[in-house]
Amino acid sequence: MQANGAGQGQESSELSCLNSAQNGESSSVGGTHSNGLLSSTDNGNNVGTSNGSSVGPCTGTSAASTASSSEVGSLKKKKRLTQAEEDVIRLIGQHLHGLGLNQTVDLLMQESGCRLEHPSATKFRNHVMEGEWDKAENDLNELRALMHSPNAIVRMKFLLLQQKYLEYLEDGKVLEALQVLRGELTPLKYNTDRIHVLSGYLMCSHAEDLRAKAEWEGKGTASRCRLLDKLQTYLPPSVMLPPRRLHTLLRQAVELQRDRCLYHNTKLDNNLDSVSLLLDHVCSRKQFPCYTQQILTEHCNEVWFCKFSNDGTKLATGSKDTTVIIWQVDPESHQLKLLRTLEGHAYGVSYLAWSPDDTYLIACGPDDCSELWLWNVQTGELRTKMSQSHEDSLTSVAWNPDGKRFVTGGQRGQFYQCDLDGNLLDSWEGVRVQCLWCLNDGRIVLASDTHQRIRGYNFEDLTDRNIVQEDHPIMSFTVSKNGRLALLNVATQGVHLWDLQDRVLVRKYQGVTQGFYTIHSCFGGHNEDFIASGSEDHKVYIWHRRGELPIAELTGHTRTVNCVSWNPAIPSLMASASDDGTVRIWGPAPFLESQEADGLNENCSHMDS
């Protein structure tokens with residue numbers, strides 16, 4: 001099929017003939033559109049333009065699409081398109097063609113003087129879609145001069161011959177397939193490993209077996225379109241546009257706006273049908289957990305710790321008043337109600353850890369506490385009260401991912417691994433532990449110590465190594481779900497983000513007041529894109545993980561905020577515990593529905609204090 005000329009007397013202005021799609025089936029005079037779908041024409045005659053260049057016939061061509069060359073020439077004289085404008089026209093043309101609006105595309109290209117793709121690319125596309133493999137190979141010689149990397153011809157030829165080989169096999173033409181394998185693919189001396197795999201398909205007993213083993217759609221439009229997508233990656237976009245290019249650019253623009261939105265806290269949907277392209281993406285601060293939804297006042301002294309369960313259905317709070325309170329989260333209203341109180345922690349409760357399945361909860365006390373409590377949350381029964389020695393200081397604990405073991409330790413040099421009954425399994429002598437965390441592999445335990453560092457301890461082979469080194473005491477730390485990032489509260493310095501794999505300091509977050517009190521920060525929000533921390537100035541600070549400045553400062557507490565916990569299942573719910581004896585539950589603004597209109601106009605970068 002010949003290329004559709006623009007009627008301007010220049011080779012570079014020739015247009016690909018764009019015809020209506022016919023279910024992907026070729027005819028004797030058929031061609032393909034720019035998205036690789038086959039089409040048929042009314043007849044096989046070419047229509048000559050005034051300068052003799054050929055224009056391929058198009059079904060239902062309007063009078064406007066056959067405008068004379070002088071009319072098109074006068075348009076170009078009126079306004080010469082910039083490269084960016086030509087690119088936009090080509091992108092629009094490709095998208096319209098994908099929708100089947102082929103006459104519109106013809107008219108757009110005629111009036112603009114642009115072409116959708118190079119005539120050689122159009123011819124190549126047609127031959128691929130029609131399965132004319134010998135002609136497609138010959139087309140590669142024409143395309144060679146247009147390519148930035150002529151060596152890519154071998155790779156493209158390999159892909160063509162692979163498709164040819166598979167189609168012969170599916171049709172039962174084993175001898176022809178064998179000839180392609182031995183006489184055409186092998187002499188290329190390219191990707192011999194793949195050739196060995198292809199040779200194994202000769203043993204397939206039927207077509208369904210071949211398609212399953214090759215993970216191939218079979219002979220037809222679908223597999224040939226997929227082949228074209230691969231082949232296009234070797235061609236410059238000036239020759240042939242990448243598939244669905246406008247759709248790709250729009251999706252990238254939507255994703256970029258979401259990434260830059262400070263308050264975006266919902267699951268990303270890459271489907272463009274779910275968003276409006278007519279407005280910029282804006283998330284209101286009113287949708288973010290910046291507003292007090294509930295104040296829990298059941299504790300009668302300082303609240304030192306709070307932690308949501310792994311499934312987000314419960315919250316545990318520990319206090320100086322010697323109790324742990326378990327709160328139930330209502331799945332609809334997100335309101336919390338008291339479920340049960342666990343009593344008897346004589347020194348108070350300064351740290352809590354849920355088991356991986358949320359069946360158990362371990363409670364630890366402050367520095368002078370040598371005991372540890374392991375509670376069955378479902379029944380409210382104390383399963384284990386562990387104390388190895390009255391001289392111990394068991395102030396931190398972390399569960400092994402298997403849920404059958406935990407590690408605990410303190411600043412007096414104790415570092416134990418125990419089972420659910422408190423039996424000592426292993427110990428590490430002389431490690432003054434400030435905070436603990438078990439990595440997902442179940443082998444490495446991270447421990448911050450009094451030497452301003454975090455080290456990794458392997459209880460299986462009894463090895464340890466330095467991972468993080470700070471210049472000031474690490475008061476507490478937590479680790480992201482994927483085990484890659486660690487969030488540290490550093491005395492007099494604030495909140496630091498470390499990459500545990502590369503062992504580098506990523507970011508220092510500003511604003512928080514951190515002295516020598518133990519304050520616990522957390523990751524949170526959808527995809528853990530946010531970071532929250534308490535502060536000695538009575539506030540809760542929230543940062544986007546990629547920014548050093550806070551995006552929100554939450555006020556309401558009247559004394560130091562010791563701990564914050566973000567609900568892992570409800571991204572819009574967060575809790576904070578304070579020395580003022582209260583636990584605050586933070587959520588979106590009340591009556592959000594009536595305020596959505598105002599929220600849409602609110603600047604995402606705005607920070608209320």
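Student: Why is Lys 219 called partly exposed?
Tutor: This is a predicted model. Lys 219 has a relative accessible area of 43%. Buried means under 20% and exposed means over 50%, with partly exposed in between, so Lys 219 is partly exposed.

Student: What makes the contact of Lys 219 with Asp 171 a salt bridge?
Tutor: The N to O distance between the two side chains is 3.0 Å. The rule asks for a Lys or Arg side-chain nitrogen within 4 Å of a carboxyl oxygen of Asp or Glu, so the pair qualifies.

Student: Is Asp 171 buried, partly exposed or exposed, and how do you know that?
Tutor: Asp 171 counts as partly exposed, because its relative accessibility is 37%.

Student: What can be said of the salt bridge between Glu 217 and Arg 226?
Tutor: The closest N and O atoms of Glu 217 and Arg 226 are 2.3 Å apart, which meets the cut-off of within 4 Å. Glu 217 has a relative accessible area of 35% and is therefore partly exposed. Arg 226, at 48%, is also partly exposed, because exposed requires over 50%.

Student: Are Glu 117 and Arg 125 buried or exposed?
Tutor: Both Glu 117 and Arg 125 are buried, a label that requires under 20% relative accessible area. Their salt bridge has its closest N and O atoms 2.8 Å apart.

Student: How many salt bridges does the rule give?
Tutor: The count comes to 24.

Student: Why is the largest pocket said to lie between domain 2 (285-310 + 472-590) and domain 3 (351-469)?
Tutor: Residues of both domains contribute to the lining of the largest pocket, so the pocket lies between them. The space in this pocket is about 1000 Å³. Its lining has 45 residues, and those closest to the centre are Lys 307, Asn 310, Trp 437, Thr 478 and Val 479.

Student: What makes up the lining of the largest pocket by residue class?
Tutor: The lining divides into 26 nonpolar, 16 polar and three charged residues. Strands that each supply at least two lining residues include strand 6 (303-308), strand 18 (433-438) and strand 22 (474-479).

Technical notes: Residues numbered from 1 in each chain as written. Predicted model: local features only at pLDDT ≥ 70, side-chain atom pairs only at ≥ 80, totals over all residues. Heavy atoms only, no water. 1 Å grid on protein atoms, 1.4 Å probe; cavity = no way out; pocket = protein on both sides within 12 Å on 5 of 7 lines; lining within 4 Å. Points joined across faces, edges and corners; volume = space filled by probe spheres on them. Helix = DSSP H or I, 4+ residues; strand = E, 2+ residues; numbered from the N terminus. Nonpolar A, V, L, I, M, F, W, Y, C, P; charged D, E, K, R; others polar. Domains from an automatic or database assignment. Buried < 20%, exposed > 50% of the residue type's maximum accessible area, 1.4 Å probe, protein only.
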